[in-house]
Amino acid sequence: MVQIEDEKTSRIPFSQRLFWSIFFMFLGFTVCFLIFQYQREREFAKEKLNNVLSNYNYQLFRKCQDSKDINQAVLSFMRDIPQKDLRVTIIDPSGTVLFDNSGMEEFNNHNNRSEVQIARLYNEGFAIRTSESTGKRYFYSASNIGGYIYRSALCYDPYVKDILTVNNDFIYFMALMTLIFFFVLSRFTFSIGQTISKLRDFALNVEKDQIPAADYVFPNDELGDISQNIVTLYHKQQKTKNELAMEREKLIKHFQYSKEGFAMFTSDGREILSNTLFIQYLNVISDTQIHQAEEGIEIADLEPIRGFLNKNLRNTNRKKKVLRESVTVDKNGKIFLIECILFLDNSYELSINDISRQEEESRMKRQLTQNVSHELKTPVSSIQGYLETILSNPDISPDKRQFFLERCYSQSTRLSGLLRDISVLNRLDEASEMFDLTEVNIPKLISEIEKECSHEMEKRHITSEVILPGNPTVMGNSSLIYSIFRNLYDNTIAYAGENVRITVCCYKEDPKFYYFSFSDNGVGIPKEHINRIFERFYRVDKGRSRKIGGTGLGLSIVKNGVHFHKGQISAKSSPGNGVTFLFTLKKQL
């Protein structure tokens, strides 16, 4: 740690490294460019001088063509040009010097001269070299005309050097640009360095958990904006972290005081979180003492859960979705529902719920239904008594006969409805998987129900408004959905009163569910009864209900039908303002 701190304090700041890196790159580029430009200017100057001397060569050629005396031709040529010190040479195809005004008497073969060799190949050539004849340094320009070489040369003295000298103004311009770049870059890197320095200070404070109360102020540029956003996002993240920590604490407290045993585990079975009730329930189920939550999975009664985990945790080709498995354990006079949820990251949770009371309530309800079936003997006996009276008294008056028959029909209708409702509820409780699934068009189904109920609705002056946007269609059981809406209609017709308006509305739709409301503006239900109306055989007004002929199971069928379709139902009411049923139906089971 000390070594790292020493390295941090001794290293060159990033802004300086950035500045000198960019500056030296620019300086290197400038030097390379100047060298290139310098060479280019020199070559251009040489070409320019060569063009002048080449033009002299052709002028000399024309003079020689016009005069038979070479000396006279050269003298005439020299008078016409400004460079009086120009050296002129004429070389024949064999390399013999025919004329040279340098004053030398003897010349060796000139075909080996570089400018002559180039001119032999390309008709034009120039070179800067020392003359082998005079020992002086010349700028030579040779032209190949008809096999003869006409060559002009100027001494490489300050005059020629001045011609070949590059203009230094460009160098001064580049030096000025370098200076400007130096100041602009220094200002730019200083701003970056200032921002990075503040960010570094912020990061060190975050590392030490010593964030100052004052806000950081960054330069007004893009990097400053990014830095400010980083600081802002950190503060938001800290706020969210604190909120999550608070929620986590609340969640842990909730699990600790929950009436359900709960534990979470990593993919390798290590405990993440558990409550005390989880250990207690494990010890009730287990034949041996359980001390740690991890030991619970080894209990023999949890073999289905263990097999479920082993199968899916080892399956590398498992589709990444949340899986669920449950098992019911009856042990030591208690009935427990144990559920396991396997999450996407292969962590899982176990929950143990004591459902002994629920199972007992369910048993009692089933027993109640069975008892009611036995009690149906009373209406059957009544029907038999009326029929026996009719059969044993052939001379009974027509009015009496009609009365007895109507009572028989009324009791048989009520009996049939009661048996039908009990049968439906038993199937929902014990064999819900036997219901067939088809596409059910809700508007069409409600239209059929309204036609069937039209006589009773007209009789009680009841109207209906159906608002079903989007033509909702459910993949479910047709008879159960029919029972849901038919029982709601029958319940309203029987108990809401006269001059009532029924409103059926699909007020919301999401990817999975339709949301329905069934309401009326009738007499309503007192508050003390509203929470019990879905109980089997529960009646708000028992005397009136029996007189009307209801079975007391209609709303219970509605609730169970909604639950079969993975929905929820609730009711709200106030006397004089009618009743509203709110329920959902899943689109696809």
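Q: What makes the pairing of the side chains of D100 and T89 a polar contact?
A: The two side chains come to 2.4 Å, and a polar contact is a pair of N or O atoms within 3.5 Å, where within protein one must be able to donate a hydrogen and the other to accept it, and residues adjacent in sequence count only if both atoms are side-chain atoms. D100 has another such partner: its side chain joins that of R87 at 3.1 Å. Keep in mind that this is a predicted model, where local features need pLDDT of at least 70, side-chain atom pairs count only at pLDDT 80 or more, and totals for chains, interfaces and linings use all residues. Residues are numbered from 1 along each chain as its sequence is written, and side-chain values use heavy atoms, with hydrogens and water left out.

Q: Why is D100 called buried?
A: Its relative accessible area is 11%, and buried means under 20%, exposed over 50%, partly exposed in between (1.4 Å probe, protein chains only). So D100 counts as buried. D100 sits in strand β2, residues 97-100; strands are DSSP runs of E with at least two residues, helices runs of H or I with at least four, numbered from the N terminus.

Q: Which residues does D100 touch, not counting those up to four places away in sequence?
A: They are R87, V88, T89, F107 and R151, with contact meaning heavy atoms within 4.5 Å.

Q: Why does I180 count as partly exposed?
A: I180 has 42% relative accessibility, so it falls in that class.

Q: What makes the largest nonpolar core a core, and how many residues has it?
A: A nonpolar core is a set of buried Ala, Val, Leu, Ile, Met, Phe, Trp, Tyr and Cys residues joined through side-chain atoms within 4.5 Å. The largest one has 36 residues, and those with the most contacts inside it are I442, F485, Y489, F516 and F583. Elements giving two or more residues to this core include α14 (478-495) and β17 (579-586). A second, separate core has 25 residues, L282 and V327 among them.

Q: What is F583 in contact with, leaving aside neighbours within four places in sequence?
A: Its partners include I484, F485, L488, F516 and V562.

Q: How many of the protein's 589 residues are buried, as a percentage?
A: Buried residues make up 38%.
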